[in-house]
Structure formats: structure tokens, C-alpha cells
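I opened this notebook to record, entry by entry, what I looked up in one structure. The sequence and the model come before the entries.

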Amino acid sequence: MINEEFVRDRLRNVIDPELGLDLVELGLIYDIGIHDEGRHVDVTFSLTSPMCPVGDLIQEQVETEVLSIEGVETVNAQLTFEPMWNPDMMSPAAKLFFGR
């Protein structure tokens, strides 16, 4: 049975092409919900900017990564800007990477 941490680990494969780090390290994965015994997964995520030109591509990659998990049949990748992302949301490793 899959769990939130397993999904989060899979989402480390989704790289923000502008920043070169994954969505998890950047703090862009806001919530993960697992339903129907793992057959359906909800992912709430954000982008570093509402004007991000690759938002559709990132959403597609989130869906593809989650659907590649054995047993997952459907995924709802929901983009949100509530709360608005800021650099304080990054992991300590990402902050170090950017010299923060």
C-alpha cells in the first residue's frame, strides 16, 4: 500500500527547469492525499511564480510520476497559489544550494 512519503519520494523526479531542483526540495508540494486504498491520489502543488511559463509541463510531470506508481489508477494534480510560495518554504538543503 502506498503512503504519502512514497508519493513524495516519487515527486522528487519532477524538476523545476528554471531552478534545477525538484518540487519537494523547493517546497512546492503542499499536500498529498491517498484515497480508495491507493487507487486515487490528490496532489496539491504550487509554482514559484503565477507567471511560470512551464506550469502546464510541471503539472503533467506530477501526474505522470504519480500514475507510474503501481496501483495508482487516477491522480488529481491541483495547482494552487494559496499560500503564495516563497523561498522560506524550501528545504534546508535547497536553501543551502541557493546560499540562503
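**Entry 1. Ground rules.** I noted that this is a predicted model, in which local features need pLDDT of at least 70, side-chain atom pairs count only at pLDDT 80 or more, and totals for chains, interfaces and linings use all residues. I also noted that residues are numbered from 1 along each chain as its sequence is written, and that side-chain values use heavy atoms, with hydrogens and water left out.

**Entry 2. Helices H1 and H3.** I took helices (H or I, at least four residues) and strands (E, at least two) as DSSP runs, numbered from the N terminus. Two packed helices are described by the angle between their axes and the distance between the axes. For H1 (residues 4-11) and H3 (residues 55-67) I found an angle of about 130 degrees and axes 9 Å apart. Axes here are lines fitted to C-alpha atoms, for helices over the stretch in contact, and angles run from 0 to 180 degrees between N-to-C directions. H1 and H3 are therefore oblique to each other; angles under 35 degrees count as roughly parallel, over 145 as roughly antiparallel, 65 to 115 as roughly perpendicular and the rest as oblique.

I then asked which residues in H1 and H3 meet. Val7, Arg10 and Leu11 in H1 meet Val62, Glu65 and Val66 in H3, where contact means heavy atoms within 4.5 Å. The residues of this contact divide into 4 nonpolar, no polar and 2 charged. In this division Ala, Val, Leu, Ile, Met, Phe, Trp, Tyr, Cys and Pro count as nonpolar, Asp, Glu, Lys and Arg as charged, and the others, Gly among them, as polar.

**Entry 3. Aromatic rings.** I applied the rule that rings of Phe, Tyr and Trp (its six-membered ring) pair if their centres lie within 6.5 Å, with planes under 30 degrees apart stacked, over 60 edge-to-face and the rest tilted. The count comes to 1 aromatic pair. Phe97 and Phe98 form this edge-to-face pair, at 5.0 Å centre to centre and 90 degrees between the planes. For accessibility, buried means under 20% relative accessible area, exposed over 50%, and partly exposed in between (1.4 Å probe, protein chains only). Phe97, at 53%, counts as exposed, and Phe98, at 34%, as partly exposed.

**Entry 4. Phe81.** I located Phe81 in the loop between strand S3 (74-79) and helix H4 (92-97). Phe81 is partly exposed at 22% relative accessibility. Leaving aside neighbours within four places in sequence, Phe81 is in contact with Ser46, Leu47, Ser49 and Pro50. Phe81 and Pro50 lie 31 residues apart in sequence, and their C-alpha atoms are 7.4 Å apart.

**Entry 5. Asp42.** I found Asp42 in strand S2 (residues 40-45), partly exposed at 23%. Not counting residues up to four places away in sequence, Asp42 touches Asp31, Ile32, Gly33, His35 and Asn76.

**Entry 6. Backbone details.** Most residues other than glycine have a negative phi, and most peptide bonds are trans. I recorded a cis peptide bond from Glu82 to Pro83, with omega near 0 degrees; Pro83 is in the loop between S3 and H4. Asp36, not a glycine, has a positive phi of about 50 degrees and sits in the loop between strand S1 (29-35) and S2. Glu37, also in the loop between S1 and S2, has a positive phi of about 55 degrees. Asp36 is partly exposed at 48%, whereas Glu37 is exposed at 62%.
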